[in-house]
Amino acid sequence: MKRLTRDQMAARVARDISEGAYVNLGIGLPTMVANHLPRDREVFLHSENGLLGMGPAPAPGEEDEDLINAGKQPVTLLTGGAYFHHADSFAMMRGGHLDICVLGAFQVSVSGDLANWHTGAPDAIPAVGGAMDLALGARDVYVMMEHQTKSGESKVVAQCTYPLTAIGCVSRIYTDLAVLDVTPGGLSVREILSDISFEELQQLTGVPLLRAA
Amino acid sequence: MINKTFATLDEAVADVPDGATVMIGGFGNAGMPSELIDALIAQGARELTIVNNNAGNGDTGLAALLKAKRVRKIICSFPRQTDSHVFDALYRAGEIELELTPQGNLAERIRAAGAGIGGFFTPTGYGTLLAEGKETRLIDGRHYVLEAPIHADFALIKALRGDRWGNLVYRKTARNFGPIMAMAAKCAIAQVSEIVELGELDPEAIVTPGIFVQRVVKQENK
């Protein structure tokens with residue numbers, strides 16, 4: 001069975017981000033999406049620590065400790081970009097001004113509940129950062145994750161067993177096997193990205209899937 | 001003549017009492033007022049409640065304040081990081097209290113305090129562990145959680161330039177929490193790279209107007 005690499009997943013998400021979109025890419029896998037946006041497509045990348053118009057990583061030696069992204073990595077600002085304070089930055093998210101947030105996840109439920117901030121392990125030190133804000137931070141919230149855990153369990157679930165980040169917030173799921181839309185009737189298979197059939201995909205998924213209309 | 005500039009960092013933090021709530025700007029190391037924090041460590045105030053996005057990185061700045069056992073409680077969004085070993089050890093030993101709040105709620109709670117708002121309903125966190133026990137309300141079909149403002153006695157922030165009236169401009173993403181923390185504290189102390197003459201900052205481009213700032217000090221003046 002073919003599975004998309006992380007770079008291929010990022011390229012697949014990038015295909016669905018259109019010119020002019022205001023987009024926040026979460027820490028980790030979603031950050032890779034930026035590498036696959038065509039240079040001639042103007043997309044506004046937002047970073048919650050206070051910039052719009054985020055550019056790629058600086059050349060070695062050009063790093064500026066005052067210019068970082070939400071993952072605290074050095075970045076650059078595109079011509080036309082802007083800086084702002086934290087309350088404005090989260091108003092852009094909470095206020096529905098962003099078009100797309102792309103987030104990683106431990107689990108997504110059939111109704112679009114998201115778990116991505118805390119494993120719930122009793123000895124874990126909890127840290128939420130902007131996860132709960134990002135989950136509600138755009139008109140469309142896309143999740144990027146492997147279809148299954150390393151031990152082969154579906155990460156698409158009937159109900160999240162990890163602590164929730166937000167309820168019913170996810171609009172689309174990109175995995176290494178498929179693109180799934182969260183619809184009122186359930187998860188609809190938008191595209192299969194592997195060489196498997198609908199039935200085989202269904203067998204690997206923890207909840208009933210719908211064929212796209 | 002109004003002059004909010006202080007000659008030294010030590011003088012700027014001299015009156016921070018034990019038990020004070022102190023906001024500290026910065027997101028990671030960007031915008032962290034490390035020189036003011038070092039002055040606060042030297043000053044010796046204890047039992048502090050600290051408000052910051054993180055809980056210290058490495059062994060300097062906020063981490064050093066924690067390491068010196070001056071902090072009773074921290075209100076933050078993202079304590080656990082690869083280099084948060086000072087906080088991690090204190091937390092596991094039960095020597096520091098943690099109030100975890102989503103980052104946008106943290107920012108808005110700070111802003112609300114500075115803007116005289118008594119509380120606000122936010123969708124962030126609804127239905128999660130971090131909203132347990134909090135009042136909720138259904139508004140136009142959407143669920144919201146009531147969050148309280150965070151007031152502070154002092155704010156320590158870092159800006160690029162300031163003048164004797166307290167007007168400030170920042171540098172790139174080092175701005176982050178600075179402007180709202182200045183609003184939320186009774187006494188906002190800004191360390192700056194440069195103190196400029198009145199009028200040198202373009203009034204159209206001043207980010208924090210001086211009404212929100214009580215003290216300005218050059219960051220290399222120990």
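Me: How many residues does the contact take from chain A and from chain B?

Reply: In this predicted model, the contact between the two chains draws on both partners, and residues count as touching when their C-beta atoms, placed from the backbone, lie within 7 Å. The contact takes 36 residues from chain B and, from chain A, 31 residues.

Me: Which helix gives the most to the side of chain A that touches chain B?

Reply: On the side of chain A that touches chain B, at least two residues each are supplied by α2 (86–94) and α3 (131–135) of chain A. By class, that side has 17 nonpolar, 7 polar and 7 charged residues. The element that gives the most to it, with 5 residues, is α2(A).

Me: Are α2(A) and α5(B) parallel or oblique to each other?

Reply: Two packed helices are described by the angle between their axes and the distance between the axes. Here the axes of α2(A) and helix α5 (residues 103–115) of chain B come within 9 Å and cross at roughly 125 degrees, and α2(A) passes α5(B) in a left-handed crossing. Angles of 65 to 115 degrees count as roughly perpendicular and those over 145 as roughly antiparallel, and the two helices are therefore oblique.

Me: Which strands are the edge strands of the open sheet of 10 strands in chain A?

Reply: The sheet is open, its pairing is mixed, and its strands follow the order β4-β3-β2-β1-β5-β8-β10-β11-β12-β13 (chain A). Neighbouring strands of this sheet are turned by 30 degrees against each other on average, direction ignored. Pairing on one side only marks the edge strands, which are β4 (76–83) and β13 (209–211) of chain A.

Me: Which residue in β8(A) does Leu103(A) stand opposite?

Reply: Strand β5 (residues 100–104) and strand β8 (residues 140–144), both of chain A, pair in the parallel sense over 5 bridges. Within β8(A), the residue that Leu103(A) stands opposite is Val143(A).

Me: Why is one side of β7 and of β9 of chain A left without a neighbour in the sheet?

Reply: These strands belong to an open sheet of 3 strands with mixed pairing and the order β7-β6-β9 (chain A). Both β7 (114–115) and β9 (156–157) of chain A stand at the edges, so one side of each is left without a neighbour because each has a single partner strand.

Me: What is the bridge partner of Val108(A) in β9(A)?

Reply: Strand β6 (residues 107–109) of chain A is joined to β9(A) by 2 bridges, and these two strands run parallel. In β9(A), the bridge partner of Val108(A) is Val156(A).

Me: What radius of gyration does chain B have?

Reply: Chain B has 6 helices and 12 strands, and its C-alpha atoms fill a box of roughly 50 × 45 × 30 Å along the principal axes. A compact globule with 222 residues would have a radius of gyration near 17 Å, which agrees with the value for chain B, 18 Å.

Terms used. Residues numbered from 1 in each chain as written. Chains lettered and ligands numbered in written order. Predicted model: local features only at pLDDT ≥ 70, side-chain atom pairs only at ≥ 80, totals over all residues. Pairing = 2+ DSSP bridges. Helix = DSSP H or I, 4+ residues; strand = E, 2+ residues; numbered from the N terminus. Nonpolar A, V, L, I, M, F, W, Y, C, P; charged D, E, K, R; others polar. Axes fitted to C-alpha atoms, helices over the stretch in contact; angles between N-to-C directions. Parallel < 35°, antiparallel > 145°, perpendicular 65-115°, else oblique. Left-handed = near helix turned anticlockwise from the far one by under 90°. Rg over C-alpha atoms; globule rule 2.2 N^0.38 Å.
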